[in-house]
Every structure is written in structure tokens, then in C-alpha cells.
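This briefing concerns a few selected residues of one protein chain. Please keep the sequence and the structure in view while reading the points that follow.

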Amino acid sequence: ISNEVEIKMGGQLTNLTILKDLNLAGDTVSGQLSADDAVEMDQNEKSQFYRKLYFIDVYRFRTTAANTTIAVDLRANLAESDPLDTQIIVRRVESNGSQTFIAADDQGGGFGSCPNPPGTCKPLEVNNNSLLMTVLPSPGEYWIFVTSADVAPTDTGSYTLKFSTGVLTPITYGQTVNGNFSVNSKAQTAAGVYVDGYYFTGTEGQKVRITMRSTVLDSFLILREFNGDEIKLDDN
């Protein structure tokens, strides 16, 4: 049994290093989150003496056009004994060097059908990979933070990051579109499910109805804000 001890440490946080400038035409990189990486602290943690820490890798890209749509597909190496529980965060870099949060995703890459035998995974969460699809309203410099999920501080492991643009199609109220899932679809979850994305401009409190019909597949719809927050999902 010992007295309680409080230790305070001072110093400078490690400067962020941009690992690579991503190509808007499409890019794929492999990396490793490790204890040698820069860290971020969870400022929302309520504990007086403990703050959760997250290792981070940073990638950069720039856009010159408004309403650029992007997809960031982050996958852990599932062959590892304890795969990384991934998370993607996108921030815009302002002229004064500050960062503005744009969007994030934790479990989007896990959407898929549970494998046989049934009961071996939670519905819609086949794995802990991430897939973020969003719209960037204004041109500028953006940073992609590769890190671990909120529930997995200091998690480490290898990963593959796939970056692409032109992944969402604008639609308007009253419009009907026809689509087809195939190997040419613009996005696919780490669980193997093809994804088509559309975006529209709504207003707070507005009621919308979105209908998806198919005679050849079991359809599924997800409605999200551009920051990645899930509003509603529907299967049947």
C-alpha cells in the first residue's frame, strides 16, 4: 500500500510529420501505427489525472475546387493477432495554421454480412475498419489523421489507406437515379460490400423520404451528415 502520487511532466509535443502528399487522381499507401508516432490527447476525458492518448499518422492533400467529394478507405491487417481498431479524421488547415474538424469515421468499413456460422459478429460490424465518404465545401489544404478508435487508445498495428475523389453524386429533391453495383463501383467496404454515394443540401428540422428499390439485391440505406455522423439507417 502506497501514498497517492501525482506526477506532472512538461515539454513540447512532437511536431506532426506529413508522411505523404496524396494524389487527387487516387492513391494507396501502407503504414504502421506504433509507439514512435506522434500522439494526440483526448481533451474531453473527464479524469483529472488521466487523459487518453492516441498515436497518429498524418497524410495531406489539397483541393482547388469547391464541393470536392472524397473517399478514405482505412483497413487494418486482419492477419495480425490483434488488428488495429481504425479511425479516420479529416481536418482543414487554415491560413493561420490552425486546424478545423471536417469529418470522421470509425466503423464504416465494417458494413457487411456476417460470415457463417451465424452469430460470429454483430450486425453491420464484420470488422473494425473505416470508410469515410464526404463532401469538402471549399478548396484548400486538408490533413487525414490515421489513428485508433475512441475505445482503443494507444492501439497499434499496420494498415492500408486508399484515397480517392469523385465518389459522390449530387442529387436534388424529387430526383430518381438508377444505379448498378459492380466491380466498377466507386467504393467498397472492407467486408466486400459495394457502396454508391449521393449528396444533397438539407436544412435543420427538414423531413426527407429516401426510397431504394431493387429486384436483384437486398438493399440498404444510410443517411449521414457530411461530418460523418450517422442520422439514420434502414434495411427493410
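Asn67 lies in the loop that connects β4 (53-63) with β5 (68-76). The model is predicted, and the values below are computed from it.

**Loop residues with positive phi**

- Asn67 is not glycine, yet its phi is positive, near 60 degrees.
- The relative accessible area of Asn67 is 41%, and because this value falls between the limits of 20% and 50%, Asn67 is classed as partly exposed.
- Thr154 is located in the loop between β9 (140-148) and β10 (157-165).
- Thr154, also a residue other than glycine, has a positive phi near 55 degrees.
- With a relative accessibility of 44%, Thr154 is likewise counted as partly exposed.

**A buried residue in a strand**

- Arg91 belongs to strand β6, which covers residues 86-93.
- Is Arg91 buried or exposed? Its relative accessibility is 16%; since buried means under 20%, Arg91 counts as buried.

**Surroundings of Arg91**

- The side chains of Arg91 and Gln99 are joined by a polar contact of 3.2 Å.
- Which residues are in contact with Arg91, leaving aside its neighbours within four places in sequence? They are Glu40, Gln99, Thr100, Phe101, Ile102, Glu141, Tyr142, Trp143 and Phe145.

Note on methods
Residues are numbered from 1 along each chain as its sequence is written. This is a predicted model: local features need pLDDT of at least 70, side-chain atom pairs count only at pLDDT 80 or more; totals for chains, interfaces and linings use all residues. Side-chain values use heavy atoms; hydrogens and water are left out. Helices (H or I, at least four residues) and strands (E, at least two) are DSSP runs, numbered from the N terminus. Buried means under 20% relative accessible area, exposed over 50%, partly exposed in between (1.4 Å probe, protein chains only). A polar contact is a pair of N or O atoms within 3.5 Å; within protein, one must be able to donate a hydrogen and the other to accept it, and residues adjacent in sequence count only if both atoms are side-chain atoms. Contact means heavy atoms within 4.5 Å.
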